[in-house]
Amino acid sequence: MIRRILTYPDPELKKKSAPVTIINEKIIELVQDMAETMYDAPGVGLAAAQIGVHQRVIVIDISPKGEKPDLIVAINPVIVHAEGSSCDEEGCLSVPNYGASVKRHASVVVKALNLEGEEVTYRAEGLLAIAFQHEIDHLDGVLFVDHLSPLKKDIFRKKYRQMLEQSQVDG
Ligand code: NI
């Protein structure tokens, strides 16, 4: 089922998510809904918090458009090692129509559980490394715009408020 994606400044996006203690039918259904919602949007990643479920679950698929899907399901993901730095333009399904460069680690090692409850280790770089860091941030109530400098964040807030007001006028 496609779920509604919460958007900034919804306070639900600022809440910290709790670890998953048992992988049951409910979690499997949640993951299915998250994947469906992400592909429908479309986006390259989604955290459960973005649909208002505060459990530590993320889905990612960075496979190029038109190629076969390559879904990563990461439950209770933890960055156990991070190296280097990169600065690339990011966007977020919860902050529609806005992009900004964010400084991240260039490569990360992530440990997580899969849907079978097995521990999986991902060694990620490039877009996948960014996606892991971006989605894990969501589990801690952090949006990519929270990484902007105070000045840039201020500009973002103003621009975004204008955009929201404009869309209310239009719609
Ligand atoms: Ni996001």
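## The sheet

In what order do the 5 strands of the open sheet stand? The order is β1-β2-β3-β6-β7, with antiparallel pairing; strands here are DSSP runs (E, at least two residues; helices are H or I, at least four), numbered from the N terminus, and two strands pair if DSSP finds at least two bridges between them. β1 (45-47) and β7 are the edge strands, each with a single partner, so one side of each has no neighbour in the sheet.

This is a predicted model, where local features need pLDDT of at least 70, side-chain atom pairs count only at pLDDT 80 or more, and totals for chains, interfaces and linings use all residues. Residues are numbered from 1 along each chain as its sequence is written, and side-chain values use heavy atoms, leaving out hydrogens and water.

## Helix α2

α2 packs on the sheet and touches β1, β2, β3, β6 and β7 (contact means heavy atoms within 4.5 Å). Of its 14 residues, 12 are buried, so α2 is largely enclosed by the rest of the structure; buried means under 20% relative accessible area, exposed over 50%, partly exposed in between (1.4 Å probe, protein chains only). After α2 comes Gly141, with a positive phi near 75°.

## Two cores

Now for the nonpolar cores: sets of buried Ala, Val, Leu, Ile, Met, Phe, Trp, Tyr and Cys residues joined through side-chain atoms within 4.5 Å. In the largest, with 16 residues, Ile58, Ile60 and Phe132 touch the most other members. α2 is the biggest contributor to this core, giving 6 residues. A second, separate core has 15 residues, including Val20 and Met34.

Methods. Axes fitted to C-alpha atoms, helices over the stretch in contact; angles between N-to-C directions.
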